Amino acid sequence: MSRFRIRGEPAPSTALRLLSVLLLALAPSVAWAQDSRAAERRQMIEEIAADARRTAAETGRPAFAGPVVAAIAKVPRHRFVPPDQERAAYQNRPLPIGHGQTISQPYIVALMTDLLNVGPRHTVLEIGTGSGYQAAILAELAQTVCTIEIVEPLAKRAEERLREQGYAAVRTRVGDGYYGWEECGPFDSIIVTAAAGQIPPPLIRQLKPGGRMVIPVGAPFMAQHLMVVDKKQDGTIVTRQVLPVSFVPLTGRH
């Protein structure tokens, strides 16, 4: 689960409004025209853009990169939720997907993806496959996506969804994400979609020099913050807090 909290709403400048319009224009209008839920998806993109403006003072991201917006516009979120949640798929909020887990709020998906700075030749690791939605977004941006889910029924269903939606190249695995996936790495980017009490050392080791991790850190039901973790070329680690959030805990034997 992911939800953000807003402390204030800075007034968007004309330049920011124009940039948001430009990013919306980059989204694949042809795909929307063929999508029976085009209006809902367009509204979701507009709400994400508004949330980006409201949280710009905290995130440093008044608008998200065009490729990120285009990926979110393309991937059909309603195909990555249970049937009883399809009606609510394009609402800008987390939704239950079973086994005590959720699909993250679209704004949070956009923010975390944007913060990763994913490039077309990157190898990306996702911890917490969930429904498979975030992995599909990453597959639109990166060369290789590896994703781990500890809840086996969720992992199997996510793999099916990814294959059905044309993302069969995404590598999936059942396991404890705390320990990463050495055989699939090293990674240019790592995204963690559950809150860890601390930044897992195995993930730091599997991150390439110059790589970046985006991870919520904090105890369950207590203060959590979305963190950006940069691994410099010399191996030193630099972290910064981005935004207060609320995620389900990272589970496992660690």
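This is a predicted model: local features need pLDDT of at least 70, side-chain atom pairs count only at pLDDT 80 or more; totals for chains, interfaces and linings use all residues.
Cys146 and Cys184 are both buried, where buried means under 20% relative accessible area, exposed means over 50%, and partly exposed lies in between, with a 1.4 Å probe and protein chains only. Residues are numbered from 1 along each chain as its sequence is written, and side-chain values use heavy atoms, with hydrogens and water left out.

Let me begin with the cysteines. A disulfide is counted when a pair of cysteine sulfur atoms lies within 2.5 Å, and this rule gives one disulfide. The bond runs from Cys146 to Cys184, with an S to S distance of 1.7 Å. The link is left-handed, at -40° about the S-S bond. It connects distant parts of the chain, 38 residues apart: Cys146 is in strand β4 (residues 144-149), and Cys184 is in the loop between β5 (171-174) and β6 (187-192). Helices (H or I, at least four residues) and strands (E, at least two) are DSSP runs, numbered from the N terminus.

That loop between β5 and β6 also holds Pro186. Gly185 and Pro186 are joined by a cis peptide bond, with omega about 0°.

I turn now to phi. Most residues other than glycine have a negative phi, and most peptide bonds are trans. His99, in the loop between β1 (95-98) and β2 (101-103), has a positive phi near 60°. His99 is exposed, at 52% relative accessible area. Asn117 has a positive phi of about 55° and lies in the loop between α6 (106-116) and β3 (123-127). Asn117 is partly exposed, at 43% relative accessibility.
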